[in-house]
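Have the viewer ready and follow along.

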There are 2 protein chains.
Amino acid sequence: MTPPVIILVRPQLGENIGLAARAMANFGLSELRLSCPRDLWPNPSAILASASASQVINKAQVYYDTDASMADLHYVFAATVRPRRMEKSVFIPSEAVGQTLPERWGILFGPENAGLSNEEISKANALIHIPTSPLFGSLNLSHAVAICCYEWGRLLSLPPHSCKNRSSEEASKLDVSLLLDHLEQALEESGFFLPAHKKEKMVWNLRSVFQRARLTQQEVRTLRGAVRALKGTS
Amino acid sequence: MTPPVIILVRPQLGENIGLAARAMANFGLSELRLSCPRDLWPNPSAILASASASQVINKAQVYYDTDASMADLHYVFAATVRPRRMEKSVFIPSEAVGQTLPERWGILFGPENAGLSNEEISKANALIHIPTSPLFGSLNLSHAVAICCYEWGRLLSLPPHSCKNRSSEEASKLDVSLLLDHLEQALEESGFFLPAHKKEKMVWNLRSVFQRARLTQQEVRTLRGAVRALKGTS
């Protein structure tokens with residue numbers, strides 16, 4: 001069992017980045033990624049707030065594209081506060097970390113003001129929802145990270161679970177993303193996305209199907225071959 | 001079951017007081033007490049950090065004596081990071097909130113720099129210990145409060161269950177089977193199943209992807225449309 005990679009998408013406040021890094025160190029997580037942070041990196045207020053969790057904060061990787069920030073991961077949860085109308089499984093944190101997960105996995109957290117976009121969420125395999133009071137749902141970003149890290153730490157002190165055997169390695173997010181790009185382009189050329197204003201929703205729906213299926217590398221190859229064959233370009 | 005009173009003993013940073021109040025509101029707690037806060041109260045940075053958890057922060061009570069801050073409570077946990085040599089029961093947060101407790105109970109949290117004194121701890125009924133990495137045990141005060149509040153909230157919603165956020169009805173086995181027949185026939189016509197002796201294995205692989213995805217009726221329609229479009233027969 002490996003701990004998740006924590007990806008903060010468009011984080012605004014250095015303090016929250018630093019406090020998230022500190023919470024990660026508290027519970028044995030080490031890999032922090034920042035996708036399009038608002039402020040310049042390295043950010044002195046993040047370093048100050050990390051309270052010497054230097055092995056996390058100093059190794060944080062910055063990406064200028066959220067797809068790139070998760071390209072090498074094989075399973076990604078998106079943390080959401082508000083329910084979203086999407087065809088994805090929703091887990092509370094204790095259930096999420098208890099899933100049978102591939103070695104490289106991560107959790108996406110959205111920015112303080114607005115959370116993740118629907119497009120970002122559509123690229124995740126499943127959702128993590130931290131249940132909060134109906135009267136005051138607005139969680140601080142670093143608290144959301146800390147609660148997920150805490151649940152990971154809590155899991156480690158439980159007896160180890162058996163894990164499922166899969167005959168082929170699980171596909172990376174990049175493999176799946178390339179497959180979906182290929183499928184979308186083929187469908188675009190075939191005139192599938194009509195009327196045009198419905199395209200975005202149709203794309204999300206298709207993406208959700210394949211994200212949910214947790215494809216293996218072999219399945220990605222098979223599906224790409226199938227798209228080529230159907231298009232008559234194999 | 002009533003939620004605990006949260007008592008911050010000698011808190012130093014207004015931000016942490018505000019973030020603790022916010023976490024309390026997130027999980028349905030409302031009673032915050034401050035024993036000998038370092039800075040004048042009301043503290044503007046605490047109010048700012050509370051992010052409008054005004055029903056908690058505006059009602060926070062200030063005490064100049066920790067004994068007085070817990071005088072009306074019938075059971076008090078002291079939160080500690082370091083183990084203490086004391087003859088007291090130690091609970092992790094999930095166990096602590098699950099105890100049979102009197103109606104008026106609380107949790108004491110010490111200051112950022114040093115935690116609670118041994119004398120303060122000696123006055124508590126039991127200890128709460130949040131397990132952390134042996135390499136980096138220093139928890140942010142507001143995170144410690146948030147984790148205890150989160151466990152309280154989790155207890156209220158027990159037993160945990162995952163829910164599927166699905167807006168369309170799950171497809172029947174027949175719907176999925178017809179989709180797969182359609183896909184296979186289209187692929188057959190496109191010359192996909194070559195060499196022929198591998199066809200059976202390829203079909204199984206494709207079927208397992210779509211069975212695993214647990215498609216909705218809407219998704220089955222979308223996928224049938226996609227196959228038609230790719231074949232140029234839509």
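## Salt bridges around Arg33(B)

Let's start with Arg33(B), which pairs with Asp72(B) in a salt bridge whose closest N and O atoms sit 2.8 Å apart. Arg33(B) is in strand E2 of chain B, while Asp72(B) is in the loop between helix H4 (66-69) and strand E4 (75-80) of that chain, so the bridge ties together parts 39 residues apart in sequence. Keep in mind that this is a predicted model.

Arg33(B) also forms a salt bridge with Glu31(B), with 3.0 Å between the closest N and O atoms. Are these residues buried or exposed? Arg33(B) is buried, at 4% relative accessible area. Glu31(B) comes out partly exposed at 29%, and Asp72(B) is partly exposed too, at 36%.

## Other salt bridges

Over in chain A, a network of salt bridges links Glu31(A), Arg33(A), Asp72(A) and Arg104(A). Over all chains, the count of salt bridges comes to 28.

Back in chain B, the side chains of Arg207(B) and Asp181(B) meet in a salt bridge at 3.2 Å, N to O. This pair links distant parts of the chain: Arg207(B) belongs to helix H9 and Asp181(B) to helix H8 (residues 173-189), 26 residues apart. Arg207(B) is partly exposed, with a relative accessible area of 23%, and Asp181(B) is partly exposed at 37%.

## Aromatic pairs

Now for the rings: there are 14 aromatic pairs over all chains. Take Phe77(A) and Trp105(A): the ring centres are 6.0 Å apart and the planes are at 80°, so this pair is edge-to-face. Phe77(A) lies in strand E4 (residues 75-80) of chain A and Trp105(A) in strand E6 (residues 105-109), so the pair joins parts that are 28 residues apart in sequence. Phe77(A) is buried at 0% relative accessibility, and Trp105(A) is buried at 2%.

Another pair sits in chain B, where the rings of Phe27(B) and Tyr150(B) have their centres 5.9 Å apart and their planes at 75°, so they are edge-to-face. Phe27(B) is in the loop between helix H1 (14-26) and strand E2 (32-35), and Tyr150(B) is in helix H7 (residues 141-156), 123 residues apart. Back in chain A, one aromatic cluster is formed by Tyr75(A), Phe77(A), Phe91(A), Trp105(A) and Trp152(A).

## Where two helices cross between chains

How do the axes of H10(A) and H9(B) cross? Helix H10 (residues 217-230) of chain A and helix H9 (residues 199-212) of chain B have axes that come within 10 Å and cross at roughly 105°. The two helices are therefore roughly perpendicular to each other.

On the H10(A) side, the contact is made by Gln218(A), Glu219(A), Thr222(A) and Leu223(A). H9(B) brings Asn205(B), Leu206(B), Ser208(B), Val209(B), Phe210(B) and Arg212(B). Sorted by class, that contact has four nonpolar, four polar and two charged residues.

## A look at Ala46(A)

Last stop: Ala46(A), in helix H2 (residues 44-49) of chain A. Ala46(A) is buried, at 0% relative accessibility. Leaving aside residues up to four places away in sequence, Ala46(A) touches Gly14(A), Ile17(A), Gly18(A), Trp41(A) and Ile57(A). As for Ser94(A), 48 residues from Ala46(A) along the chain, the two C-alpha atoms are separated by 27 Å.

Terms used. Residues are numbered from 1 along each chain as its sequence is written. Chains are lettered from A and ligands numbered from 1 in the order in which they are written. This is a predicted model: local features need pLDDT of at least 70, side-chain atom pairs count only at pLDDT 80 or more; totals for chains, interfaces and linings use all residues. Side-chain values use heavy atoms; hydrogens and water are left out. Rings of Phe, Tyr and Trp (its six-membered ring) pair if their centres lie within 6.5 Å; planes under 30 degrees apart count as stacked, over 60 as edge-to-face and the rest as tilted. Helices (H or I, at least four residues) and strands (E, at least two) are DSSP runs, numbered from the N terminus. Buried means under 20% relative accessible area, exposed over 50%, partly exposed in between (1.4 Å probe, protein chains only). Axes are lines fitted to C-alpha atoms, for helices over the stretch in contact, and angles run from 0 to 180 degrees between N-to-C directions. Angles under 35 degrees count as roughly parallel, over 145 as roughly antiparallel, 65 to 115 as roughly perpendicular and the rest as oblique. Contact means heavy atoms within 4.5 Å. Ala, Val, Leu, Ile, Met, Phe, Trp, Tyr, Cys and Pro count as nonpolar, Asp, Glu, Lys and Arg as charged, and the others, Gly among them, as polar. A salt bridge is a side-chain nitrogen of Lys or Arg within 4 Å of a carboxyl oxygen of Asp or Glu.
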